[in-house]
Amino acid sequence: MLTGKLVTFEGPDGAGKTSALNAIVAQLQPQLGDRLVVTREPGGNQISEAIRNIILDRNNTAMDDRTEALLYAAARRQHIVQTIQPALDRGQLVLCDRYLDSSVAYQGAGREIGEQAVYDMNQFATKGLTADLTLYFDVDAAVGLNRIQQHRQNEINRLDVEALSFHHRVQAAYLQLLADHPERIKRIDASQPLEEVVTQAIQIMTTKLPTYMATEGGERE
Ligand SMILES: Nc1ncnc2c1ncn2[C@@H]1O[C@H](COP(=O)(O)OP(=O)(O)OP(=O)(O)O)[C@@H](O)[C@H]1O
Ligand SMILES: [Mg+2]
């Protein structure tokens with residue numbers, strides 16, 4: 001019986017999620033080939049990428065917090081239906097840059113809508129689809145923001161420019177999620193050099209998804 005797996009990448013802005021994901025894919029691609037699916041939230045398909053542009057546009061200063069939360073959930077719904085679930089049904093390993101925990105942390109805690117309220121609202125979108133494994137890239141909020149300021153000036157979005165207190169609430173919510181879901185969420189010290197971060201991430205994936213990661217061209221569960 002084929003069972004796909006969903007691995008999500010979470011953490012504060014500038015933690016190195018996307019950098020690590022790209023490096024992990026480069027390492028796993030020769031072994032996993034077309035069993036690997038790489039995607040991101042909000043986005044992953046035409047409709048969700050269009051929603052992404054609305055959410056992240058720095059000109060959309062009038063956006064209500066709950067509108068923002070609903071747009072993320074709408075993008076997630078389309079992403080699941082169009083991309084994630086079909087891949088899981090094919091038995092693929094889906095690596096997703098951000099997922100539900102981001103909504104709980106950013107809209108629930110950052111925007112102060114409430115973590116539980118945002119989680120509950122998202123159940124309508126996900127119909128309960130939960131990540132099999134979540135890699136939490138743990139870095140102090142200020143360090144992450146500093147990395148973005150230093151290296152990614154041209155890509156700063158509407159959430160990156162929030163006050164440091166916003167990003168501290170996000171980080172605290174992530175740490176609470178980590179404490180609440182120790183089996184699903186694994187912490188990686190993302191203050192280390194990228195190479196170390198990637199090694200640690202692959203070690204965790206190997207431990208948690210042995211049938212996927214173990215053998216060349218390997219078996220599936
Ligand atoms: N371990 C690391 N040490 C130092 N710099 C890093 C590390 N990982 C990534 N960076 C740099 O920090 C910046 C942010 O990294 P990246 O875009 O991967 O973060 P992210 O977590 O995907 O951020 P966002 O949440 O905004 O998408 C990039 O310029 C990247 O080169
Ligand atoms: Mg990123």
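Reader: Where does K127 lie?

Author: K127 lies in the loop between helix 5 and strand 4 (133-138). Keep in mind that this is a predicted model.

Reader: Why is K127 called exposed?

Author: The relative accessible area of K127 is 69%. Exposed means over 50%. So K127, at 69%, counts as exposed.

Reader: Which value does phi take in E112, and where does E112 lie?

Author: Phi of E112 is about 60 degrees, which is positive, although E112 is not a glycine. E112 lies in the loop between helix 4 (100-110) and helix 5 (115-126).

Reader: Is E112 buried or exposed, and how do you know?

Author: E112 has a relative accessible area of 56%. The cut-off for exposed is over 50%. Therefore E112 is exposed.

Reader: What kind of peptide bond joins E41 and P42?

Author: A cis peptide bond, with omega about -15 degrees. Most peptide bonds are trans. P42 lies in the loop between strand 2 (36-40) and helix 2 (46-56).

Reader: Now the ligand. Which residues come nearest to ligand 1?

Author: There are 17 residues around ligand 1, and K17, T18, S19, R152 and Q192 come nearest.

Reader: Which helices each supply at least two residues of the shell around ligand 1?

Author: Helix 1 (17-32) and helix 6 (141-151) do.

Reader: How do the residues of that shell around ligand 1 divide?

Author: Six are nonpolar, six are polar and five are charged.

Reader: What makes the pair between Q192 and ligand 1 a polar contact?

Author: A polar backbone atom of Q192 is 2.8 Å from a nitrogen atom of ligand 1. A polar contact is a pair of N or O atoms within 3.5 Å.

Reader: What about G16 and A15?

Author: A polar backbone atom of G16 is 2.9 Å from an oxygen atom of ligand 1. For A15, a backbone N or O atom lies 3.2 Å from an oxygen atom of ligand 1. Both values are within 3.5 Å, so both pairs are polar contacts.

Reader: How much of ligand 1 does the protein cover?

Author: On its own, ligand 1 has 630 Å² of accessible area, and the protein covers 78% of that.

Reader: What is the space taken by ligand 1?

Author: That space is the largest pocket.

Conventions: Residues numbered from 1 in each chain as written. Chains lettered and ligands numbered in written order. Predicted model: local features only at pLDDT ≥ 70, side-chain atom pairs only at ≥ 80, totals over all residues. Heavy atoms only, no water. Near = heavy atom within 4 Å. Polar contact = N/O pair within 3.5 Å; in protein donor to acceptor, adjacent residues only side chain to side chain. Areas by Shrake-Rupley, 256 points an atom, 1.4 Å probe, with all protein chains shown as cover. 1 Å grid on protein atoms, 1.4 Å probe; cavity = no way out; pocket = protein on both sides within 12 Å on 5 of 7 lines; lining within 4 Å. Sits in = over half its atoms within 2 Å of the grid points. Helix = DSSP H or I, 4+ residues; strand = E, 2+ residues; numbered from the N terminus. Nonpolar A, V, L, I, M, F, W, Y, C, P; charged D, E, K, R; others polar. Buried < 20%, exposed > 50% of the residue type's maximum accessible area, 1.4 Å probe, protein only.
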